[in-house]
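Morning, everyone. Please look at the model on the screen, and then I'll walk through it.

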Amino acid sequence: MPDVTVCDPRTEVDVRGPRFSAAITLVVLAAALLTLGSPVAVVLIAIQTVVFALGAFVGLRAQPYGILFRSVVQPRLAPATEFESVAPPRFAALVGFIFTAVALLGLATGLTTVAYVAVSFALAAAFLNAAFGFCLGCEMYLIGKRMLARPVTA
Amino acid sequence: MGAGAMLGLVLLVVVLALATAFGLYRRATDGRMRTVAAPVAAPIPVADDAPEVDVTTPTAAEHGGERLTAQVLGADLGAQATLVQFSTAFCQPCRATRRILDEVTTMVPGTSHIEIDAEAHLDLVRQLDIRRTPTVLVLDARGVIAKRAVGLPRKADVIAALGEIIPA
């Protein structure tokens with residue numbers, strides 16, 4: 001039985017939604033990178049940080065880009081045929097949140113280089129998600145888990 | 001254009017170029033079946049000399065030829081071959097991988113599909129050096145690891161791998 005027959009919006013999402021969100025994230029972060037050092041960049045990164053936080057801590061249904069996708073884009077597309085669990089995109093949002101939060105902290109403390117690096121990483125991840133469907137944060141998950149849960153050996 | 005904007009533009013171009021290169025490389029290599037041990041040619045002259053995996057003593061380097069048992073995997077091996085899939089909760093292609101492997105094992109007699117939650121088996125994950133999910137191991141009738149694919153494998157490649165392992 002194909003997965004499409006069971007779709008609970010709390011646990012399942014149209015795969016095109018997170019990719020649409022990643023594309024908007026890509027545009028926002030690219031604009032932030034181009035304006036870094038100006039107040040515009042601070043606003044853009046702050047907005048993106050809030051978006052990531054909503055997706056990670058509240059849920060994809062509370063994430064503004066996802067809301068935009070469901071209300072404006074999805075009705076104009078063919079019906080969804082592929083669904084995925086909400087867990088990977090939520091985890092990706094958490095990783096994105098960490099990077100943009102670090103960028104904001106960098107800007108707040110005058111460590112502009114930190115902000116450049118953090119935004120660049122978040123941008124790369126958003127691009128890989130939007131263009132290739134890769135969830136970089138998800139792929140790093142097991143390695144992170146292996147390292148964090150490593151038994152103490154000498 | 002200020003120095004900041006110039007730096008931002010350069011960074012943007014560099015990051016997008018690197019990410020594109022990585023994405024294309026990954027797309028080209030993802031899910032490819034790699035042979036990690038010579039396929040068993042003859043109908044198994046069952047010399048059970050292949051080392052069993054001892055989960056308590058991690059070894060390094062090469063994992064081809066290692067033998068996994070039903071006890072380690074927590075499920076019975078297929079009579080001819082077994083597809084072992086390592087998955088995590090935060091894994092997009094794991095579901096599609098599961099679907100493909102289920103289809104293949106339904107189609108090819110004597111094969112079974114075992115899915116392992118990588119997080120719950122970190123010792124085994126370290127032992128076999130599983131770095132991301134999905135990772136699929138193809139075991140022969142004895143449970144010896146013959147092939148390994150990291151990423152979503154193609155159905156035809158899985159079938160071909162089984163064709164090499166299962167004696168005609």
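**Where chain B meets chain A**

Five salt bridges are counted between chain B and chain A. A salt bridge here is a side-chain nitrogen of Lys or Arg within 4 Å of a carboxyl oxygen of Asp or Glu. Take Arg146(A) and Asp129(B): they form a salt bridge, with the closest N and O atoms 3.1 Å apart.

A word on the source. This is a predicted model, where local features need pLDDT of at least 70 and side-chain atom pairs count only at pLDDT 80 or more, while totals for chains, interfaces and linings use all residues. Residues are numbered from 1 along each chain as its sequence is written, chains are lettered from A in the order in which they are written, and side-chain values use heavy atoms, without hydrogens and water.

Now the contacts. On chain B, 34 residues are in contact with 35 residues of chain A, meaning heavy atoms within 4.5 Å. The buried area is about 3100 Å², and carbon and sulfur atoms give 64% of that. Buried area is the accessible area (1.4 Å probe) that two parts lose on being put together, summed over both.

Which residues in chain B lose the most area to chain A? Phe90(B), Gln92(B) and Arg126(B), together 25% of what that side buries.
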